[in-house]
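Subject: Structure handover

Hi,

Here is the structure for you to look over. Please open it alongside this note.

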Amino acid sequence: MSDTESLHKIRSRRSHRKSRLGCGNCKKRRIKCDEQKPTCSNCLHHSIDCDFTARSDSEKSTPPARRYQFRQSKYQQSPSPRAPDDSPSSSNSIAVQCDIPPIPDKGGISLSDLHLFHHYTIATYHTLSNDPTPITQRLWQCRIPAWGISFPSILHLILALAALHLASLHPDQREKYTVQADQHFTFGVRSVTSVLRLDTLDSENCQLIYMSAVLICFVYFARGPRDGEFLVFSAGGKSEWLVLLHGVRTILAQKQGEIFRGDLEPAAKERNLSAADPHSVSTLEEELSQHLDRLHAIRALAASEVGVDRDVYISAVDDLLNCFQDAYENRKAGVYGAELMPSTMGWTFRLSEVMIDRLEGREPVALVILAHWAILLRYMRDVWFMRGWDGHIIRGIQACLPGEFLQWIEWPGLIISS
C-alpha cells in the first residue's frame, strides 16, 4: 500500500460530519454527537452530565439536575483538612454514596467503605494467615469477601478489621480509623448474636456464622488490650473474650462436622524440618526444654491443690505442655505469625468450665497457669493484631496475685519487656 493510500485511509477513518448543534462535551472531545435529547448517547455512555439535560431543565425554570445524586456516608466522619491527598477523607475526596436505592437494612456502601474493602483484599487478608498455599490465600482474599456480599456480618467485620489494620499502619490517623472500625463492628456482631439468640443456626448458615465469629475474635484482638480486660478474666464483671469464647463453642458444638467442609476443610500440612537451620533448631530445643521444666514445676503446684481444682489444674497444665511442644515443632519448621494461632489460642478454647470459673474468680493457681500460657503470645508479636497482649495479661495477673504467689510468675514475667 502506497503512502498516499495509507494517508487517505487514515483520513477517511477519522472524518465525520461536524455537529454544529452537538453538546459541549462532544465538541470539546471533537467527536460526533448524535444530538439525542435529553442526553446524547456519548454522555449517556460515559455517565456524565449532558448540556441537553441542563438546557431542558432550564427551559422548565428548575435548577440544573445531575444524573447522579450523592450523600455523605453515615459511617464517614467530617473530612480532615490535613488528611493526605490519597486519604478517603481528604478535603478533595469526601466519602459519599450513590442514591441508588440501597438493600434494606444494609445501608449502602460509601467511598470510605470501598477504601476499607480494597485495603482488605490487597493487604489485610494476607496478615490473617502465613500459610502460602493458594487454597488458604484464596479463602481469605476471595471467598470470605464473597460471603460478605450475601451475609452483611462478614462484610462489616472485614471492613472493621481493615480499618484497624490501617490504624496500625497510620498511627496519626488511628482515631479516625478506630471510629470506623467500631461502627462496622457493631453492625457485624448484630447478625451473629441474633442467630445464636434465636437458635436459628442451620446447615445453610453455619459456615457463615462460624467465620463471622472468627472475624469477631480477630477484631477483638486488633482493637488492642483494654484496661481491666485480660482476655480470660476481667477486673470487674464478665470477661468480653469469654462471651466470644462461649459463642464460638456453641457454634462448634452444634455444627462442627458441617462447618469444616468445602472451603473450610482443613488441608494437610507437612512440616519441612530438613530446611531448618541446625543452630536455630538447637536453640529452640533448648528453649523448649526450659519451658517444659518450668511447666512441670507448675504441675507440681497444681497437684498440691485439693478437691476438684486439683484435677482441673493438672488437666490445664497437661494441655499447655502439648501446646508448647506443638508450637515449637511449628517454629522449627519455619511456621510463624498467625499460623501459630491454633497452637496458642486453642488452649483457651479447650478450657473447662470449672477452670474458666477459677480464672474469673482470680484463684492464684489458675492465674499462675494462665501466666505461663501468655508466654506463647510472645511468639505472635510480629502479628499486628496481637501486639501488646502478652505483657498486658502478665501485668494484669501480677496486679491480682497475692504476694506469696508472685514468685511463680517471676520467670514468665520476663516476657513483658519488648
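Below is what was found in it, from the whole chain down to single residues.

First, the ground rules. This is a predicted model, in which local features need pLDDT of at least 70, side-chain atom pairs count only at pLDDT 80 or more, and totals for chains, interfaces and linings use all residues. Residues are numbered from 1 along each chain as its sequence is written, and side-chain values use heavy atoms, with hydrogens and water left out.

Overall picture

The protein chain has 16 helices and 2 strands. These are DSSP runs numbered from the N terminus: helices are H or I with at least four residues, strands are E with at least two. Of the 418 residues, 44% count as buried. Buried means under 20% relative accessible area, exposed means over 50%, and partly exposed is in between (1.4 Å probe, protein chains only). The accessible surface is about 22500 Å². Carbon and sulfur atoms own 52% of that surface. Areas come from the Shrake-Rupley method with a 1.4 Å probe; for residues, only the protein chains shown count as cover. Take contacts between residues at least 6 apart in sequence: 67% of them join residues at least 24 apart. Contact here means heavy atoms within 4.5 Å.

The cores

In soluble globular proteins, nonpolar side chains tend to be buried together. A nonpolar core is a set of buried Ala, Val, Leu, Ile, Met, Phe, Trp, Tyr and Cys residues joined through side-chain atoms within 4.5 Å. The largest one holds 103 residues. Trp140, Ile144, Leu231, Ile369, Trp373 and Phe385 touch the most other members. Helix H9 (residues 206-222) gives the largest share, 15 residues. Leaving out residues up to four places away in sequence, Ile144 touches Tyr120, Leu139, Ile154, Ile158, Met211 and Leu215. A second, separate core has 7 residues, including Cys23, Cys26, Cys40 and Cys43.

Those cysteines

How many disulfides are there? The count is 0, with a disulfide taken as a pair of cysteine sulfur atoms within 2.5 Å. For Cys23, the nearest cysteine sulfur is that of Cys26, 3.6 Å away. Cys23 is buried at 0% relative accessibility. Cys40 is also buried, at 0%.

Helix H7 covers residues 152-169. H7 is mostly covered, with 15 of its 18 residues buried.

Asp113 sits in helix H5 (residues 111-127). Asp113 is buried, at 1% relative accessibility. Its side chain makes a polar contact with the side chain of His184, at 3.1 Å. A polar contact is a pair of N or O atoms within 3.5 Å; within protein, one must be able to donate a hydrogen and the other to accept it, and residues adjacent in sequence count only if both atoms are side-chain atoms.

Backbone points to check

A cis peptide bond joins Lys37 and Pro38, with omega about 10°. Pro38 lies in the loop between helix H2 (24-29) and helix H3 (41-46). Glu35 lies in the loop between H2 and H3 too. Glu35 has a positive phi of about 60°, although it is not a glycine. Glu35 is partly exposed, at 29%.

Arg362 is another non-glycine residue with a positive phi, near 55°. Arg362 lies in the loop between helix H14 (353-360) and helix H15 (364-373). At 32% relative accessibility, Arg362 is partly exposed.

Best wishes

Key: The expected span of a helix is 1.5 Å times one less than its number of residues.
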